[in-house]
2 protein chains.
Amino acid sequence: MSAEIRIREAAVEDVPLVLGMIRGLAEYEKLSHQVTATEEKLRDTLFGPRPGADVLLAYQNHDCVGFALFFPNYSTFLAMPGIFLEDLYVKPEWRRKGIGGALLGRVARIALERGCGRLEWEVLDWNEPSIGFYKSLGAVPMDEWTKYRVTGDALEKLADYLKTR
Amino acid sequence: MSAEIRIREAAVEDVPLVLGMIRGLAEYEKLSHQVTATEEKLRDTLFGPRPGADVLLAYQNHDCVGFALFFPNYSTFLAMPGIFLEDLYVKPEWRRKGIGGALLGRVARIALERGCGRLEWEVLDWNEPSIGFYKSLGAVPMDEWTKYRVTGDALEKLADYLKTR
């Protein structure tokens, strides 16, 4: 039997470790050019007065082998909170050992404890290994929906919509 | 010139109004069968001790003509909070008068005031009128991504992942 997987909440001292894994995830997703996170920004936004998300770290023996980062969302149709899993990452050399499932399972447990109706996350459409795993867990693709994003100058302009129309 | 659009925050007294519009949105999206929200659940989850979202109401003269419901999300790549717009709805007889844009603009303004890096929402792929409008505002489709959802029995089972594998 493989070594036990332990999961604990991250603390501010773990920020360098977390940033390293965020960069690892971005590299896997071919999105490294989008990463502007720094240790200072992560400390402020995750461990300051208004934490934007919860972070879990997975360990195998003394090695930190992966992380999960999540925050609450809300369904009007259910009138219930849910959880959105923003990041799920296992270091390459530790994959296919149940660590991703263990992290997902812990987040699902937290969702139930908080009275949440659902757990959601997003995956890149080319990421077949992950998609197969998610489907095996009973996750359903919401493939009639597309997310839209406004950022930068477009966000500034949109904020002035009533002034400019 | 058309009548001025006013926007205000919803209060607990507005719950019946909000539920009516949630049902109107579900009907438009052909998802009425998914709605299990009640006035009581909305009161608890939106106006109780731990509000799950902010709600804005749009008025034209004395008519409540639409609403927006949103909550914070978080980007690890930016190490910044964002806003996710869960619902945007304008009553059918009031569409094409700039009310949806006014609500979106107000949410964008709130995003900037809160130091958010982006505003995001989802749209059904067949909803061409809305998609055209969103693109005209500079919103970018994240069409390489698909959301996955776990709910009900699959969520309970996932919460026991480490016990059962």
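Copies are superposed by least squares on the C-alpha atoms of residues with pLDDT of at least 70 in both. In this predicted model, chain A can be laid on chain B in that way with an RMSD of 0.0 Å, by a turn of 180° and a shift of 0.0 Å along the axis. That is the relation of a two-fold axis, and the same surface serves both copies, since 100% of the contact residues of chain A recur in chain B.

- An open sheet of 7 strands with mixed pairing runs in the order E1(B)-E2(B)-E3(B)-E4(B)-E5(B)-E7(A)-E6(B), and its edge strands, each pairing on one side only, are E1 (5–9) and E6 (140–141) of chain B.
- Strand E7 of chain A, residues 145–151, pairs with E6(B) in the antiparallel sense over 2 bridges, and Tyr148(A) has Pro141(B) as its bridge partner in E6(B).

**A helix across the sheet**
- Helix H4 of chain B, residues 128–136, lies across E7 of chain A together with strands E4 (80–90), E5 (118–124) and E6 of chain B, and runs at about 160° to E5(B).

**The cavity**
- The structure holds 1 cavity of 30 Å³ or more, and the volume of the largest cavity is about 50 Å³.
- The lining of the largest cavity consists of Glu122, Trp145, Thr146 and Lys147 of chain A, along with Glu122, Trp145, Thr146 and Lys147 of chain B.
- Strand E7 of chain A and strand E7 (145–151) of chain B each supply at least two residues of this lining, whose residues divide into 2 nonpolar, 2 polar and 4 charged.

How values were computed:
Residues numbered from 1 in each chain as written. Chains lettered and ligands numbered in written order. Predicted model: local features only at pLDDT ≥ 70, side-chain atom pairs only at ≥ 80, totals over all residues. Heavy atoms only, no water. Pairing = 2+ DSSP bridges. Helix = DSSP H or I, 4+ residues; strand = E, 2+ residues; numbered from the N terminus. Contact = heavy atoms within 4.5 Å. Axes fitted to C-alpha atoms, helices over the stretch in contact; angles between N-to-C directions. 1 Å grid on protein atoms, 1.4 Å probe; cavity = no way out; pocket = protein on both sides within 12 Å on 5 of 7 lines; lining within 4 Å. Points joined across faces, edges and corners; volume = space filled by probe spheres on them. Nonpolar A, V, L, I, M, F, W, Y, C, P; charged D, E, K, R; others polar.
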